[in-house]
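This briefing is for a reader who is meeting the structure for the first time. Please look over the sequence and the model before reading the points that follow.

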Amino acid sequence: ISNVAKAMGGADLVFLDHCKECYAPDLGRMETAGIVAKGTVVVADNVVFPGAPGYLDKVAAPAYATVLKPAPYEAVGWETRWKEVDDAMSISTRL
C-alpha cells in the first residue's frame with residue numbers, strides 16, 4: 001500500500017473485492033497512506049455475505065457517507081447451501 005501511495009498519491013475511487021477479513025484493516029492502511037482521503041469513493045463487494053468483519057463499522061458516519069446496494073451473492077454452491085443468498089455492495093464517500 002505504501003508503494004501505491006508513493007506512485008500515485010490519492011485515489012478518486014477504490015474497489016475492494018479481495019480477502020473479506022482484510023477490507024477494514026486495508027482501508028485503514030489506505031487512509032494512513034493518503035490513498036483514501038476526503039472525497040474518495042470506496043466500493044466494497046460482498047459486505048453482507050460472506051461478510052467483511054468490521055468493515056461496515058469502519059465506513060459508518062461520521063467519517064463516511066455509506067449506502068448499501070442489494071445484490072444477490074454471485075455464486076450458488078456449497079458455500080450458500082445451493083440457494084441464492086442476499087448480499088450487497090457498499091458505496092462509501094470519505095467525508
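**A buried serine and its surroundings**

Ser 90 counts as buried because its relative accessibility is 0%, against a cut-off of under 20%. The model discussed here is predicted.

**Contacts of Ser 90**

- Neighbours within four places in sequence are left aside here; the residues in contact with Ser 90 then include Val 42, Val 43 and Ala 44.
- Val 47, Tyr 55 and Leu 56 are also in contact with Ser 90.
- Thr 66, Val 67 and Leu 68 complete the list of contacts for Ser 90.

**The sheet**

- An open sheet with mixed pairing is formed by four strands, in the order β1-β2-β4-β3.
- β1 (13-16) and β3 (64-72) are the edge strands, and each of them pairs on one side only.
- On average, and with direction ignored, neighbouring strands of this sheet are turned by 15° against each other.
- Helix α2 (residues 23-33) packs on the sheet and touches β1, β2, β3 and β4. The direction of α2 makes about 160° with that of β1.
- Strand β2 (residues 41-44) pairs with strand β4 (residues 86-94) in the antiparallel sense, over four bridges.
- Opposite Val 41 stands Thr 93 in β4.

**The nonpolar core**

- In soluble globular proteins, nonpolar side chains tend to be buried together.
- The largest nonpolar core here has 17 residues. Those with the most contacts inside this core are Val 14, Leu 16, Tyr 23, Leu 27, Val 36, Val 42 and Tyr 55.
- At least two residues of this core are supplied by each of β1, α2 and β2.
- α2 gives the largest share of the core, three residues.
- Val 36, with neighbours within four places in sequence left aside, is in contact with Val 14, Leu 27, Met 30, Glu 31, Val 42, Tyr 64 and Arg 94.

**The aromatic pair**

- One aromatic pair is found in a search of the whole structure.
- The pair is formed by Tyr 23 and Tyr 55 and is edge-to-face, with 5.6 Å centre to centre and 80° between the planes.
- Because Tyr 23 lies in helix α2 and Tyr 55 in helix α4 (residues 55-58), the pair ties together parts that are 32 residues apart in sequence.
- Tyr 23 has 0% relative accessibility and so counts as buried.
- Tyr 55 is buried too, its relative accessible area being 0%.

Terms used. Residues are numbered from 1 along each chain as its sequence is written. This is a predicted model: local features need pLDDT of at least 70, side-chain atom pairs count only at pLDDT 80 or more; totals for chains, interfaces and linings use all residues. Side-chain values use heavy atoms; hydrogens and water are left out. Two strands pair if DSSP finds at least two bridges between them. Axes are lines fitted to C-alpha atoms, for helices over the stretch in contact, and angles run from 0 to 180 degrees between N-to-C directions. Contact means heavy atoms within 4.5 Å. Buried means under 20% relative accessible area, exposed over 50%, partly exposed in between (1.4 Å probe, protein chains only). A nonpolar core is a set of buried Ala, Val, Leu, Ile, Met, Phe, Trp, Tyr and Cys residues joined through side-chain atoms within 4.5 Å. Rings of Phe, Tyr and Trp (its six-membered ring) pair if their centres lie within 6.5 Å; planes under 30 degrees apart count as stacked, over 60 as edge-to-face and the rest as tilted.
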